[in-house]
Each structure stands twice: as C-alpha cells, then as structure tokens.
Amino acid sequence: MSVSIRRVLAGPATLLTYALLVVPFVAGAFKTALMTPLALPGYLIFVIGTAVGNALAQRFAFWVYWVPFFAGCYAIAVVVGYGYEWWRAAGPEPANPADGDRANAGR
C-alpha cells in the first residue's frame, strides 16, 4: 500500500482540486460577473493569505498576494490528492485475484 509521489503531485484528484480552487476565483477576479459561489473556497484562501501577508508586511503591492494564493491552493490540492491516493490504495483487495483482473479487463 504505497502511494506514488507522482500521482500525489500531479494525479487527477490533485489537478481537479487545484482547478476547483483556482479557476472560479481567477475568472471572477478578471470579470466580476463571472464570480460564482464556486469561487468561495478560493476567495477564502486569498483573504486568509492577504490577512497574513498584511500582518507581516503592510507595504506589499496587492498583486504580490497572488503568488502565495497559487502556492497555497497547490499545497491544499496535494493534501487532498494524497488523501485520495491513500484511500484508493487502502481499498479492499479482491477476494480472488482473477476477479480483479477481469474487472480491470472490463469483462
């Protein structure tokens, strides 16, 4: 039951989570009419990052906060991807190994 680092860093669960966090918020940042409720998680991450950044140094330009936003979203996506891969690897083993082969072959 080992988890592949490649699948954790760039697996479908990681990429989907990253896209769900970033795309709605970035779309809403470019055009306000595109801001949907799907942007709320990204918005919260951006607000928390802005608050922390503002507490550390108040003279940062607003665009600087996008870098920690993208990095923080990727870190959250990696955690979700690791959890998904761990859950997938810990799944039940087929009772008969031949059953697993048939299920994988689509028979």
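The protein exposes about 7800 Å². Carbon and sulfur atoms supply 70% of that area. These values come from a predicted model. Of the 107 residues, 23% count as buried.

The secondary structure comprises 5 helices and 0 strands. Along the sequence, the pattern reads α-α-α-α-α.

Two packed helices are described by the angle between their axes and the distance between the axes. Helix H2 spans residues 12-30, and helix H4 spans residues 66-89. Their axes lie 6 Å apart, at an angle of about 150 degrees. Angles over 145 degrees count as roughly antiparallel, so H2 is roughly antiparallel to H4. The crossing of H2 past H4 is right-handed.

On the H2 side, the contact is made by Ala13, Thr14, Thr17, Tyr18, Leu21, Val22, Phe25, Val26 and Ala29. On the H4 side, the contributors are Trp66, Phe69, Phe70, Cys73, Tyr74, Ile76, Ala77, Val78, Val80, Gly81 and Tyr84. By class, the contact of H2 with H4 has 17 nonpolar and 3 polar residues. No charged residues take part in this contact.

Conventions. Residues are numbered from 1 along each chain as its sequence is written. This is a predicted model: local features need pLDDT of at least 70, side-chain atom pairs count only at pLDDT 80 or more; totals for chains, interfaces and linings use all residues. Side-chain values use heavy atoms; hydrogens and water are left out. Helices (H or I, at least four residues) and strands (E, at least two) are DSSP runs, numbered from the N terminus. Buried means under 20% relative accessible area, exposed over 50%, partly exposed in between (1.4 Å probe, protein chains only). Accessible areas come from the Shrake-Rupley method with a 1.4 Å probe; for residues, only the protein chains shown count as cover. Axes are lines fitted to C-alpha atoms, for helices over the stretch in contact, and angles run from 0 to 180 degrees between N-to-C directions. Angles under 35 degrees count as roughly parallel, over 145 as roughly antiparallel, 65 to 115 as roughly perpendicular and the rest as oblique. A crossing is left-handed if the near helix is turned anticlockwise from the far one by less than a right angle, and right-handed if clockwise. Contact means heavy atoms within 4.5 Å. Ala, Val, Leu, Ile, Met, Phe, Trp, Tyr, Cys and Pro count as nonpolar, Asp, Glu, Lys and Arg as charged, and the others, Gly among them, as polar.
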